[in-house]
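User: I am new to this structure. Please take me through a few of its labels and the grounds for each.

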Amino acid sequence: MSVRRLHPDQPNSFAFTAENEAWAAATIAKYPAGKQASAVIPLLMRAQEQHANWLPEPAIRLVADKLGMAYIRVYEVATFYTQFQLGPVGSKAHVQVCGTTPCMLRGAEALKDVCRQKIHKDQFHLSADGAFSWEEVECAGTCANAPMVQIFADTYEDLTPELLEKVIDGYAKGTPPKPGSQIGRVASSPEGGFTALTDPSLYDGSTIGSWQKRLTEADAKSAAATAAAAAAEKKA
Ligand code: FES
């Protein structure tokens with residue numbers, strides 16, 4: 001985990017575009033009176049998107065003023081969440097490499113090596129052409145498909161160094177690969193196909209499957225046995 005501080009070079013001011021200003025007003029209005037501070041994350045995200053994907057200090061003050069919050073409170077939010085970038089990032093991609101335990105055990109260090117070679121030897125620095133930057137972050141929530149990276153709003157999972165190179169090359173060419181697993185599995189389904197619940201008798205096209213028939217038969221058998229016992233008792 002790195003220390004998160006505001007970038008030393010800051011613009012003098014920040015203002016939302018007219019379109020974002022209208023969006024901000026509509027977003028703030030969604031919250032009940034007195035709860036406007038709940039809009040802090042969406043407003044900071046919109047400011048970041050407007051400002052080349054990083055959040056300048058005047059934008060933090062603007063959002064605080066809009067929401068009636070102390071500057072320090074908004075600063076705390078911006079510096080806590082790694083979704084907020086506090087300095088300039090690559091114009092084509094900012095690669096966030098998860099380095100938390102599951103990803104670390106599955107090869108995150110090798111992914112960081114790719115970033116060191118292809119982007120810059122140190123995190124939080126722009127590549128020579130300004131198109132890329134990278135950083136190590138904590139768990140991004142796709143641990144089942146570790147190791148992974150996040151690039152802006154997308155995640156790339158089940159990575160090897162070669163697959164990450166392909167992802168970065170795709171962004172360089174303006175044709176990034178489809179987000180998600182890069183080895184073709186759906187969400188976090190098992191690698192190499194299912195190994196459990198493979199008995200076809202469990203599935204006959206309905207949600208309950210052949211078990212429904214077995215239960216119905218068992219019920220009928222038990223009812224017949226009860227009726228026979230009652231009849232025998234009557235006879236006796
Ligand atoms: S540990 Fe990497 S996504 Fe959770």
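User: What is the bridge partner of Gln96 in β3?
Analyst: Gln150 is the bridge partner of Gln96 in β3. This is a predicted model, where local features need pLDDT of at least 70, side-chain atom pairs count only at pLDDT 80 or more, and totals for chains, interfaces and linings use all residues. Residues are numbered from 1 along each chain as its sequence is written. Strands (E, at least two residues) and helices (H or I, at least four) are DSSP runs, numbered from the N terminus.

User: What makes β1 and β3 a pair?
Analyst: Two strands pair if DSSP finds at least two bridges between them. Three bridges join β1 to β3 (residues 149–151). The two strands run antiparallel.

User: In which sense does β1 pair with β2?
Analyst: The sense is parallel, over six bridges, with β2 spanning residues 132–137. Here Glu135 is the bridge partner of Gln96.

User: Why is β1 called largely enclosed by the rest of the structure?
Analyst: A residue is buried if 20 or more other C-beta atoms lie within 10 Å of its own, exposed if 12 or fewer, and partly exposed in between; C-beta atoms are placed from the backbone. In β1 (residues 93–98), six of the six residues are buried, so the strand is largely enclosed. Ala93, Val95 and Val97 cover one side, and His94, Gln96 and Cys98 the other.

User: How do you know whether Asp219 is buried or exposed?
Analyst: Count its neighbours. Asp219 has 10 other C-beta atoms within 10 Å, so it is exposed. Asp219 sits in helix α8 (residues 210–235).

User: Why are α1 and α2 called roughly antiparallel?
Analyst: Angles under 35 degrees count as roughly parallel, over 145 as roughly antiparallel, 65 to 115 as roughly perpendicular and the rest as oblique. Helix α1 (residues 18–28) and helix α2 (residues 40–50) pack at about 170°, with axes 10 Å apart. They are therefore roughly antiparallel. Axes are lines fitted to C-alpha atoms, for helices over the stretch in contact, and angles run from 0 to 180 degrees between N-to-C directions.

User: What makes α3 oblique to α4?
Analyst: The axes of α3 (residues 57–67) and α4 (residues 71–80) cross at roughly 125° and come within 9 Å. That angle makes α3 oblique to α4.
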